[in-house]
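Let's take a walk through this one together, stopping at a helix, a few aromatic rings and a couple of charges. Have the viewer open and follow along.

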Amino acid sequence: MLLGVIADDFTGASDIANTLAKGQSGEGGLVTSQFMGIPDQDAAPQVEAGVISLKSRSVAPEAAINDSLAALAWLQAQGCRQFVFKYCSTFDSTEQGNIGPVGEALAAALGVKGVVACPAFPAMGRTVYQGHLFVNDRLLNQSGMENHPLTPMRDANIRRWLRLQSQTDVGLVSTPTVHMGAEAIQSALKANADEGNTLVIVDAVSNNDLVLIGKACAEAPLLTGGSGIALGLASNFIAKGLATGKTGAFSGKQGPEAILAGSCSGATREQIDNHAREHPVLAISVDDVMAGRTTASDVVAFISANHGKAPLAYSSGTPEQVNIAQQRYGRDTVSEKLDGLFAQTAKDLVSHGVQRLVVAGGETSGAVALALGLGELAIGPEVSPGVPVLFSRQKEITLALKSGNFGGPMFFTDALSALAGGNHP
């Protein structure tokens, strides 16, 4: 294995796995597998990039550090030459962590400073300019992320936000330096390392900026960022003759389908509304789940009764509705109950023969993936930017795991088509 990725959630892991498998401009990347948790055995010898999916974004910083260091140890044992700590392109974290603590712990384990921190993903409108994170034309804290139920982002100055989480100062490589090219970026990172800065925010407003950062970091042991930070990394290994750029084929699954959505993002709510116009949907009430009036068996019964019609079951609401539920029952209690419901539902659906499963929401996807115990998943074609087809070589199942804000208006039908091996927009 050449490259190892430690991702702090499951949809983010799929996102960067997609980038590595596709490569720069889609010309061919690395043979990539996504692992659902830290594996207990070695990867297949043909795997060139391994992406470990952790559920460490919203746990205590100490737990996130321990899990990430354990993932690093496994990837080192596979022979990886470079490592990436992948977090969300909206820098999802609190003032206490977990991006800073995990990034510094990995840097310390590898003995490096001056490590890139860049969440930019221009294809999804996430850009970094002068250390500030934008979502399309809005600062992060004006994009809706300020209302995130678990990691509300109230400051677009991610250098300042990261400094709150970090033990050392946080550097900045700004846009003018990035546009000077890879050597200038490399020199700026070294200068930050010499000053003792462990993590360094690096601006990126375009894919070309990310490619330049990748070239500058061809020999860097560690990078951190969103999936875009990997845009130029596969080509580094191909240029050295260490990888061929040829990845495997995907034929699709035609079996029964199900869609589960636990995201409250505006994009997912719009996708649910669009899907409901032509397909059966089941709205899951938080109050009913908390009272035990809605269980996994109820959701499974709805899905089973509507096979062939792209059935969708969801628990989603506006920020105001989410806030009311959290105040009534407690944030962690609500999250645990809903994750448990979707996890058990997914297990039961697969045992009933479902072969195509689409899941929306990072926390929901993590709960489902862990419950299914799928282990290693290969990376198939891209459904939409940041969302690939995932398929198991051992089990009869294909998946698409989507972050809340990802995907177009008709994402759910597009994803089911892609899982079947069909064409999609």
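What follows goes from an annotated stretch of the chain to its side chains.

Keep in mind that this is a predicted model.

Now zoom in on helix α9, which runs over residues 266–276. Which of its residues are buried? They are Thr-268, Gln-271, Ile-272, Asn-274 and His-275. These residues lie on the same side of α9, because they cover an arc of only 165 degrees around the axis. The spacing rule behind this sort of pattern is a simple one: an α-helix has 3.6 residues a turn, so residues three or four places apart point the same way. And what covers the buried residues of α9? The cover includes the strands β12 (257–261), β13 (281–283), β14 (312–314), β15 (356–360) and β18 (398–402), and helix α15 (411–419) is part of it too.

Next, the aromatic rings. With ring centres within 6.5 Å as the cut-off, the count comes to six aromatic pairs. One of them is Phe-35 with Trp-74: the ring centres are 5.2 Å apart and the planes sit at 65 degrees, so this pair is edge-to-face, the call for planes over 60 degrees apart. The pair links distant parts of the chain, with Phe-35 in strand β2 (residues 32–36) and Trp-74 in helix α2 (residues 61–77), 39 residues apart. Are these two buried or exposed? Phe-35 has 4% relative accessibility, so it counts as buried, and Trp-74 is buried as well, with a relative accessible area of 10%.

Phe-85 and Tyr-87 also make an edge-to-face pair, at 5.3 Å centre to centre with 70 degrees between the planes. Phe-85 is buried at 3% relative accessibility, and Tyr-87 is buried at 0%.

Last stop: charges over rings. The charged end of Lys-240 sits over the ring of Phe-237, 5.8 Å from the ring centre. Lys-402 does likewise with Phe-411, its charged end being 5.7 Å from the centre of that ring.

Methods:
Residues are numbered from 1 along each chain as its sequence is written. This is a predicted model: local features need pLDDT of at least 70, side-chain atom pairs count only at pLDDT 80 or more; totals for chains, interfaces and linings use all residues. Side-chain values use heavy atoms; hydrogens and water are left out. Buried means under 20% relative accessible area, exposed over 50%, partly exposed in between (1.4 Å probe, protein chains only). Helices (H or I, at least four residues) and strands (E, at least two) are DSSP runs, numbered from the N terminus. The arc is that of the directions from the helix axis to the C-beta atoms. Contact means heavy atoms within 4.5 Å. Rings of Phe, Tyr and Trp (its six-membered ring) pair if their centres lie within 6.5 Å; planes under 30 degrees apart count as stacked, over 60 as edge-to-face and the rest as tilted. A charge sits over a ring if NZ of Lys or CZ of Arg is within 6 Å of the ring centre and within 35 degrees of the ring normal.
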